[in-house]
Amino acid sequence: MDGLVRPALDVHRIREDFPILATKVHGKPLVFLDSGASAQKPRQVIQAMTRCMEEAYANVHRGAYHLSETATAAYEAAREAVARFLNAARPAEIVFTRNTTEAINLVAHSFGRGLLKPGQVVLTSEMEHHANLVPWQMLRDAGLGIGLRFVRVTDAGELDMDHLAQELAKGDVGLVAVTHMSNVLGTVTPAARIARMAHEAGARVLFDGSQAAVHRRVDVQALDADFYVFTGHKLYGPTGIGVLYAKQELLLRMPPFLGGGDMIESVTLERSTWAAPPARFEAGTPPIVEAVGLHAAVDYVTAIGMDAIEAHERALVDHAMRVLPAIEGVEILGRAQDRGGVFAFSFDAAHPHDLSTLLDRVGICVRAGRHCAEPLHARFGVENGTSRASFGLYTTREEVDFLAEALTSARRFFAGKAG
Ligand SMILES: Cc1ncc(COP(=O)(O)O)c(C=O)c1O
């Protein structure tokens, strides 16, 4: 913190940056409450990507001509911007991937197969998105003797820290891989404390920051994260680009994940040697235009200020926690003390898919289903899924109220049909 008092976020001004927010759905103003799945894009991102393709596009790291050098400089500038955004010690600790999912698969393959030892365990939790679960199941099943265990989630929807301590005390955990913010419960996990506990037990730690990095200032050095991953499209950037932050001492020891061009030092027909990180982990033509878009997105949220974004969303969360649970038939999943703007809820009058279809008719976009977190839905006994409203920096208090009114009307509508 620099001690400066920042101006509050002017949400109505900000909304003008997002062309899609002026569109209509079924003739109704768009009320986009699915930013947790993928966020909308500001004009600054769209224009940066268009400019890149119109004026400065070529492949990177190979051409000895001006345009390629310009594109390479833009690609590497994006890496520097992301390093600053996460407060990484150096840009070389930033690896560009396709998304969070690929970043976690990279760690599972490379760190998991290369540096974990037989008998060691990956400790994840019941709260994870499938992206932070399935790659570890695949590692467990690869026949390398690596185990997999899960930290329980409390009824309030928080990580059970006593259970985490018990699991770590077994002395065999090589990696703790947990979310920094749940995409279902909104729970923000105590990441710095988790990292401290993991390190004291001799384990490394990975945080899935797909949701958290959008809503809060993240400082990987202050957290002492070994790995931190997030995905560009939720941070108001494009699809097709994700980020793996990893400490340099780890990247230097990790074998490649994918092989091909750009990730090698030398190649003969018989064998190859690997380039230094981050190139070692970026096989093939990287997401060049997407990196430029992500750079613009990072600049965009940084100019607004992550603290201002967090404050705006905290006010929305407080408001939503007052109005949504008060609606008859609505049950919010999870009551974590520290939470962000993601609300999954069950609704007694209709299946989540029917509810989302009805809400769509009045312009409201919410997600329906199990939000790629089936074990968590099973944990809370809502196997049929839930509806989920999730906020972005452009979400307004009026939109939350509109959702609340629409839910009340939906309950009347479904009750009328049942009767
Ligand atoms: C917490 C969390 N982890 C991982 C992911 C996966 O992100 P992506 O599909 O961009 O790889 C998501 C996206 O929904 C998420 O919310």
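A polar contact is taken here as a pair of N or O atoms within 3.5 Å; within protein, one must be able to donate a hydrogen and the other to accept it, and residues adjacent in sequence count only if both atoms are side-chain atoms. The model is predicted, so to speak for its local features a pLDDT of at least 70 is needed, side-chain atom pairs count only at pLDDT 80 or more, and totals for chains, interfaces and linings use all residues. Residues are numbered from 1 along each chain as its sequence is written, and side-chain values use heavy atoms, with hydrogens and water left out.

Turning to the ligand, a polar side-chain atom of K234 sits 2.5 Å from one of its oxygen atoms. T231 places a polar side-chain atom 2.7 Å from a ligand oxygen, and for T101 the distance from a side-chain N or O atom to a ligand oxygen is 2.5 Å. The protein buries 90% of the 400 Å² that the ligand exposes when taken alone (accessible areas by the Shrake-Rupley method with a 1.4 Å probe).

The chain is divided into domain 1 (11–39 + 305–418) and domain 2 (46–302), with bounds from an automatic or database domain assignment. Their centres, taken over C-alpha atoms, are 28 Å apart. Across the interface of the two domains, five salt bridges are found, a salt bridge being a side-chain nitrogen of Lys or Arg within 4 Å of a carboxyl oxygen of Asp or Glu. E126 and R379 form a salt bridge, with 3.6 Å between the closest N and O atoms.
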